[in-house]
Amino acid sequence: MNKLLLLAFPILLFSCENNEKTKNIISEDELPDKPKSLAAYAKRHVESTLKISPSEKYELKIYKANLDGDDKEDAIIAVNRLQFAVNEAAQSENPAKRAEVAYMGNFNYIFYFDGGLDLISLPIAIPSSPLLPLKISFENVSSTDFQDIIVDFRIRNASYRDYYFVKNHTPARVFQWKNFDGLGTSDAVAFTFSYEPGKVNAVKNIVIHKAKIGAIPSGADLNTYVPELTMTNNLERMFFYLPSQGKYVTESK
C-alpha cells in the first residue's frame, strides 16, 4: 500500500493562529439588546470584535446556507478591510514596500453564524491581499444533507482555495490548494477542482486537474486580475478525507 501523505498547507507571508485549534470560537456575548436581523447583528458584532471605527469604510457580505445539518439556516460573514490596510501601510516605515506586496496581512476575515445557536463566531483571519475580497461558495462535500464552506483568497499573483467543515459549531479547515500561481510568468500553474464519491467514507474525494490559463490582457494588474481557467485531462492529484486526521490526504505518486 502506498504511503499516505498529509496535505502540507503552503507557508504564507504572514503567520496566523491555527484556526482548527481555536477554542470557544462561538461568542458567548449574546447581548440583551441584540438586533433581530442578521444583517444588523453581523454589523454590530463585526465592528465590536474587530474594533472598527465609525469612520472606517469596509465591506461586509453575508452568504447563507445550511452548513451543519440542522433545520436552521447558517451563514458565512465575509469582511474586507482594504481602507484600513492602505491607511496602516501609509503610516508604516516603508509604505511602498507594503503596496508592492499588495498590502498582505490580516485584513480579510470570515465569521460563522450558527443558525441553531443564533450566535456569530469570533473572527477567523484569512491572511491574504485585501485588494480582492474573499470569494465565498458552498459545496456538498462531506454530506448531501448540508453544504461545506469554500474560501478563495488572493496572495499577489497567486490564488488559494480553503475548504472548511463545520465541527462542533466551529469551521475547521480540512484542505487547501492553489487555484493558480505565478500568474503572468513562464512558471505559471493553475488547477481546477471536482468531486467524486468517497471510497474510504461518505465524504467526497477532491479531484484536482491541471488547468490552462486564459489570455491575460496587456497591462492587467497581476495582483488583482482573475484569469479564466480551463480544465485539462491532466490529473494532478486526488485527495480523500481521513477522519482520524481531520484533513484530506493523498497517496504518494
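Modeller: In this predicted model, residues 24 or more positions apart account for 54% of the contacts with a separation of 6 or more. The protein is built with three helices and 14 strands, and of its 253 residues, 43% count as buried. Its accessible surface comes to about 13400 Å², and 51% of that surface belongs to carbon and sulfur atoms.

Rolling a probe the size of a water molecule over the atoms shows where empty space is left. When the whole structure is searched, one cavity of 30 Å³ or more is found, and the largest cavity holds about 40 Å³ of space. Its lining consists of Glu59, Lys61, Tyr63, Ala78, Val79, Asn80, Asn108, Tyr109, Pro133 and Leu134. Two or more of these lining residues are given by each of strand S2 (59–65), strand S3 (74–80) and strand S4 (108–114).

For a view of the surface, consider Ala202, which sits in the loop between strand S11 (189–196) and strand S12 (205–213). Ala202 has a relative accessible area of 70%, and because exposed means over 50%, Ala202 counts as exposed. Leaving aside neighbours within four places in sequence, Ala202 is in contact with Val141 and Ser142. Tyr241 is 39 residues from Ala202 in sequence, while their C-alpha atoms are 9.1 Å apart in space.

Conventions. Residues numbered from 1 in each chain as written. Predicted model: local features only at pLDDT ≥ 70, side-chain atom pairs only at ≥ 80, totals over all residues. Heavy atoms only, no water. Helix = DSSP H or I, 4+ residues; strand = E, 2+ residues; numbered from the N terminus. Buried < 20%, exposed > 50% of the residue type's maximum accessible area, 1.4 Å probe, protein only. Contact = heavy atoms within 4.5 Å. 1 Å grid on protein atoms, 1.4 Å probe; cavity = no way out; pocket = protein on both sides within 12 Å on 5 of 7 lines; lining within 4 Å. Points joined across faces, edges and corners; volume = space filled by probe spheres on them. Areas by Shrake-Rupley, 256 points an atom, 1.4 Å probe, with all protein chains shown as cover.
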